[in-house]
Amino acid sequence: MVSTLAPVLQSRHIAHPIPGPRSRHLHEQRSSEVTSAFGAALPVFIERAEGGILLDVDGNRIIDFASGIAVTSVGATNTFVQARVAAQLDRFTHTCFMVTEYEGFTEVCRWLNAHTPGTFDKRSALFSTGAEAVENAIKIARAATGRPNVLVFDEAYHGRSLLTMAMTAKENPYKMGFGPFPEQIFRAPNAAPLRWPTGPENACAEALAAVEAILAAHGPETFAAMVIEPIQGEGGFLVPADGFLTGLRRIADEHEIIFVIDEIQAGMGRTGRLFASEHEGVVADLFITAKALAGGLPLSAVTGRTALMNAVHTGGLGGTYAGNPLSCAAALGVFEAFEDGSLLANARVIETIARAHLEPLLDSVAVVAEVRGRGAMLAIEFADPLTLTPRADVAKAVAAACHADGLLVLVCGTFGNVIRLLPPLVIGTDLLEDGLRVLTTAIKQQNGVA
Ligand code: PLZ
């Protein structure tokens, strides 16, 4: 498909102070029509998005270090995705896969079965949102084991539905006022090195011991599943201590607990490998993907061992829009985009360039506590250098300064003191470097370092 639109210039440009007058006007209108329960990280209205740029309705060209929260990894106007979706749009938009079938659904499942870690026989199920896939993984694990309990971790984020809110750790804004939640969810410490009470070197062994203790307290035979993100996303881009994921895998095996990996944010090439768990060589029984899977169209999946995936009675899983044909077409375009390996290489280049800009701050800016992550999933944490007291105020001020200067960054972390970088993998090097200069300048200025 050939676009009739002129390309969006791949350079940062501030035509009007951000948010500009048209965005402010549209935001006012929004406030009269849309529930105030939805926040906005940066209240600008977008006209077009392409490469590493968000073009807003005021003509501002904002560098995108968010990708719609790790969704538009192949770019918001990827030609493979566009071509596949346009062709599908011409054929039909929907049948409901539970009513009459279409091949795109099977093809997406075939790709996931072949490319997710683990060489055993697999089946997949498609849904629409990440939370929906997490819920379904729990349904499958319970049906397959006949056990009720689920183990999750501190700092976890798994969604906003009732069950996934119970699995998510952070109270405000995700859970506050929305209880009661489903029971049978137990939470274990996560082996995040920076804040481990007895020191980073003890994080892995002590966190694994804590998991064993929680299982023992409730009876390991009552646990259907343990669910973990290979790098926690909303919780603060926390890369677990070496050996933690493989240790959990071992404990899960020992007690015949289904090991579920949530790669919704970290997966689909974000970390420089197709899946983040590949970095640790850890293999899930049930594997969850969403977000970047379909490059901006809603699609999520559970992929896993055939014996588990087929343990549910026929008709037990589904949903009107589950694996919608347009979303499946988009996913097939995403797979095509990843085929030659260049996007994975880009993710690794992004890491090298970003670390070169960010790591020197560890020495020059006292409140920079850690620079961490993998590939194009990177973060910088702000904390008091002596006490490690989280400095959400710094993260907030830095994000605001970046936004004013035409760079979109998102804050995350249980304490709101982490700035995360999630640029599209198609961002150009010059734009990336420009964005990193905006960010490092903001960090220095907000902390009185020239
Ligand atoms: N699991 C690891 O990152 C979604 C949440 C944005 P849905 N993260 C972005 C917000 O504030 O709502 C996410 C995730 C992990 C599950 C989910 C849930 O995916 O598609 O948002 O339901």
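Tutor: The buried residues of α11 pack against the helices α10 (325-338), α12 (361-364) and α14 (429-446), and also against the strands β11 (368-374), β12 (377-382) and β15 (418-421). Contact here means heavy atoms within 4.5 Å, and buried means under 20% relative accessible area, with exposed over 50% and partly exposed in between (1.4 Å probe, protein chains only). The model is a predicted one, in which local features need pLDDT of at least 70 and side-chain atom pairs count only at pLDDT 80 or more, while totals for chains, interfaces and linings use all residues. Residues are numbered from 1 along each chain as its sequence is written, and side-chain values use heavy atoms, with hydrogens and water left out.

Helices (H or I, at least four residues) and strands (E, at least two) are DSSP runs, numbered from the N terminus. The buried residues of α11 are L343, L344, A347, I350, E351, I353, A354, R355, H357 and L358.

Domain 1 brings 38 residues to the contact and domain 2 brings 29. The size of an interface is often given as the accessible area lost when the parts come together. Here the two domains bury about 2800 Å² between them, 59% of it on carbon and sulfur atoms; buried area is the accessible area (1.4 Å probe) that two parts lose on being put together, summed over both. R374, M377 and T414 supply 27% of the area that domain 1 buries against domain 2, more than any other three residues.

Polar contacts join 16 residue pairs across this interface, both residues at pLDDT 80 or more. On the side of domain 1 that touches domain 2, the elements giving two or more residues are α2 (67-70), α11, β11, β12 and β15. β11 gives the most, with 5 residues. A polar contact is a pair of N or O atoms within 3.5 Å; within protein, one must be able to donate a hydrogen and the other to accept it, and residues adjacent in sequence count only if both atoms are side-chain atoms.

The same interface holds 3 salt bridges, each a side-chain nitrogen of Lys or Arg within 4 Å of a carboxyl oxygen of Asp or Glu. In the whole structure there are 17. E234 and R420 form one of them, with the closest N and O atoms 3.0 Å apart. R195 and E381 form another, at 2.4 Å. R195 sits in the loop between β6 (185-188) and α7 (203-218) and E381 in strand β12, 186 residues apart. R195 is partly exposed at 29% relative accessibility, whereas E381 is buried at 3%. E280 and R374 also meet in a salt bridge (2.7 Å, N to O). E280 lies in the loop between β8 (258-262) and β9 (286-289) and R374 in strand β11, so this pair ties together parts 94 residues apart in sequence. Both E280 and R374 are buried. Salt bridges that share partners join R195, E370, R372 and E381 into one network.
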